[in-house]
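These are my notebook entries on one protein chain. I set down what I looked up, one topic at a time.

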Amino acid sequence: MRDSVPERALLRAEDVDVLALSTAVDAEIAEVLARPKFARAVPEARRHQFLRLVRDAAVWFEPAERVVDCRDPKDNKYLELALASGAETIVSSDDDLRVLDPWRGVRILRPADYLARS
């Protein structure tokens with residue numbers, strides 16, 4: 001995770017953009033970081049530090065509009081957050097989201113593509 005492309009994208013977003021977060025997205029991030037795959041690869045303190053960074057840097061939104069546009073219904077929460085926050089970009093490697101790019105005028109970029117933007 002340290003110095004990875006996703007981490008560099010997160011740090012860039014924190015520095016030059018606004019991070020948006022909702023309760024649903026926060027819960028999924030916490031759940032993913034607790035998975036055995038991450039527990040084996042990333043020390044617990046580092047995972048907690050990452051989660052604190054995201055939570056502290058984010059502007060929180062609670063989406064009011066429900067979306068059913070994604071082929072993976074679990075990923076609709078990211079689209080709902082983008083609508084609620086007025087996001088211009090979603091940064092994700094998830095193919096179920098990426099296939100929608102652009103979605104309602106919102107770009108959906110891989111972390112590497114986000115970093116490559118000027």
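I begin with a definition: a residue is buried under 20% relative accessible area, exposed over 50%, and partly exposed in between. I note also that the model is predicted.

**Entry 1: the backbone around arginine 104.** Arginine 104 lies in the loop between H6 and E4. Its phi is near 50 degrees, a positive value in a residue other than glycine. I then turned to proline 102, which is also placed in the loop between helix H6 (95–98) and E4. Aspartate 101 and proline 102 are joined by a cis peptide bond, with omega at about -10 degrees. As background I wrote down that most residues other than glycine have a negative phi, and that most peptide bonds are trans.

**Entry 2: two residues checked for burial.** Is serine 22 buried or exposed? Serine 22 has a relative accessibility of 1%, and therefore I recorded it as buried. I located serine 22 in the loop between E1 and H2. Its C-alpha atom is 8.5 Å from that of lysine 77, although 55 residues separate the two along the chain.

I next examined alanine 82, which belongs to helix H5. Its relative accessible area is 5%, so alanine 82 is buried. From its C-alpha atom to that of phenylalanine 61 I read 9.4 Å, for residues 21 apart along the chain.

**Entry 3: the nonpolar core.** Which residues touch the most other members of the largest nonpolar core? I found that they are Ile29, Leu79, Trp103 and Ile108, in a core of 26 residues. Among the elements that give two or more residues to this core are helix H1 (5–16), helix H2 (23–33), helix H4 (44–57) and strand E4 (107–109). H5 gives the most, with 4 residues.

**Entry 4: the largest pocket.** I recorded a volume of about 1,600 Å³ for the largest pocket. Its lining consists of 48 residues, and Val25, Ile29, Tyr78, Val91 and Ser92 lie nearest the centre.

**Entry 5: aromatic rings.** How many aromatic pairs does a search of the whole structure find? The search gave 0. I did find a charge over a ring: the charged end of arginine 12 sits over the ring of tyrosine 114, at 4.9 Å from the ring centre.

Conventions
Residues are numbered from 1 along each chain as its sequence is written. This is a predicted model: local features need pLDDT of at least 70, side-chain atom pairs count only at pLDDT 80 or more; totals for chains, interfaces and linings use all residues. Side-chain values use heavy atoms; hydrogens and water are left out. Rings of Phe, Tyr and Trp (its six-membered ring) pair if their centres lie within 6.5 Å; planes under 30 degrees apart count as stacked, over 60 as edge-to-face and the rest as tilted. A charge sits over a ring if NZ of Lys or CZ of Arg is within 6 Å of the ring centre and within 35 degrees of the ring normal. On a 1 Å grid over the protein atoms alone, a cavity is a set of points where a 1.4 Å probe fits but cannot get out, and a pocket is an open set with protein on both sides within 12 Å along at least five of seven lines; lining residues have an atom within 4 Å of a point. Grid points are joined across faces, edges and corners, and a volume is the space filled by probe spheres set on the points. A nonpolar core is a set of buried Ala, Val, Leu, Ile, Met, Phe, Trp, Tyr and Cys residues joined through side-chain atoms within 4.5 Å. Buried means under 20% relative accessible area, exposed over 50%, partly exposed in between (1.4 Å probe, protein chains only).
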